[in-house]
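Hi,

Here is the structure I promised to pass on. Have a look at it first, and then read my notes below.

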Amino acid sequence: MQSIIHKIRLLDIGHAQAFENWVLDTDYATCPELPSVRSFAVYRVSSAHDAPFHYIEVIKVSSDEAFQRDMGSASFARLVEGFSTMAEVEEEVAGTQLGAGYRAPA
């Protein structure tokens, strides 16, 4: 499984609540329309105006090729349109998970 990590900087930190509402109501809700996405989460990192980034998002996809196909969809284009009015990706890192990893028992 491929993981993609984005460091996200808001264009205006004053719109943090609007961005978070968009993530919760639109970004997460669109994931089922992108078959390659296996999991997706956004994490608040900083609310400081001068922070190098304010959020990180972790996307786990079935494969890079499948995600590239999903990026060509109308659903993904709508996400990009909404995202780009509020934020920008400062840095992207991608990699392949080693083994199953660790998860604590429930």
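Let's start with helix α3: its buried residues pack against β1, α1, α2 (64-71) and β4, where contact means heavy atoms within 4.5 Å. Helices (H or I, at least four residues) and strands (E, at least two) are DSSP runs, numbered from the N terminus.

Before going on, a word on where this comes from. This is a predicted model, so local features need pLDDT of at least 70 and side-chain atom pairs count only at pLDDT 80 or more, while totals for chains, interfaces and linings use all residues. Residues are numbered from 1 along each chain as its sequence is written, and side-chain values use heavy atoms, with hydrogens and water left out.

Back to α3. Which residues of α3 are buried? They are S75, F76, L79, G82 and F83 (buried means under 20% relative accessible area, exposed over 50%, partly exposed in between, with a 1.4 Å probe and protein chains only). Looking down the axis of α3, you'll find these buried residues within an arc of 125 degrees, so they line one face of the helix. That arc is taken from the directions from the helix axis to the C-beta atoms.

Next, the helix pair. Two packed helices are described by the angle between their axes and the distance between the axes. For α1 (residues 16-30) and α3 (residues 74-84), the angle is about 175 degrees and the axes are 11 Å apart. That makes α1 roughly antiparallel to α3. Axes are lines fitted to C-alpha atoms, for helices over the stretch in contact, and angles run from 0 to 180 degrees between N-to-C directions. Under 35 degrees counts as roughly parallel, over 145 as roughly antiparallel, 65 to 115 as roughly perpendicular and the rest as oblique.

Who meets whom there? From α1 come F19, W22, T26, D27 and T30, and from α3 come S75, L79, G82 and F83. The residues of this contact divide into 4 nonpolar, 4 polar and 1 charged. (Ala, Val, Leu, Ile, Met, Phe, Trp, Tyr, Cys and Pro count as nonpolar, Asp, Glu, Lys and Arg as charged, and the others, Gly among them, as polar.) Try zooming in on T30, which lies in α1. T30 counts as buried, at 10% relative accessibility, and touches S75 and L79, leaving aside residues up to four places away in sequence.

Now for the sheet. It is an open one, with 4 strands in the order β2-β3-β1-β4 and antiparallel pairing; two strands pair if DSSP finds at least two bridges between them. At the edges sit β2 (37-44) and β4, each of which pairs on one side only. From one strand to the next, the twist averages 15 degrees.

How many bridges join β1 to β4? There are 9 between β1 and β4 (residues 87-96), while 7 join β1 (residues 2-10) to β3 (residues 55-61). β2 and β3 pair over 7 bridges, and S39 stands opposite K60 in β3.

Is β3 enclosed or open? 6 of its 7 residues are buried, so β3 is largely enclosed by the rest of the structure. Finally, α1 lies across β1, β2, β3 and β4, running at about 165 degrees to β2.

Cheers!
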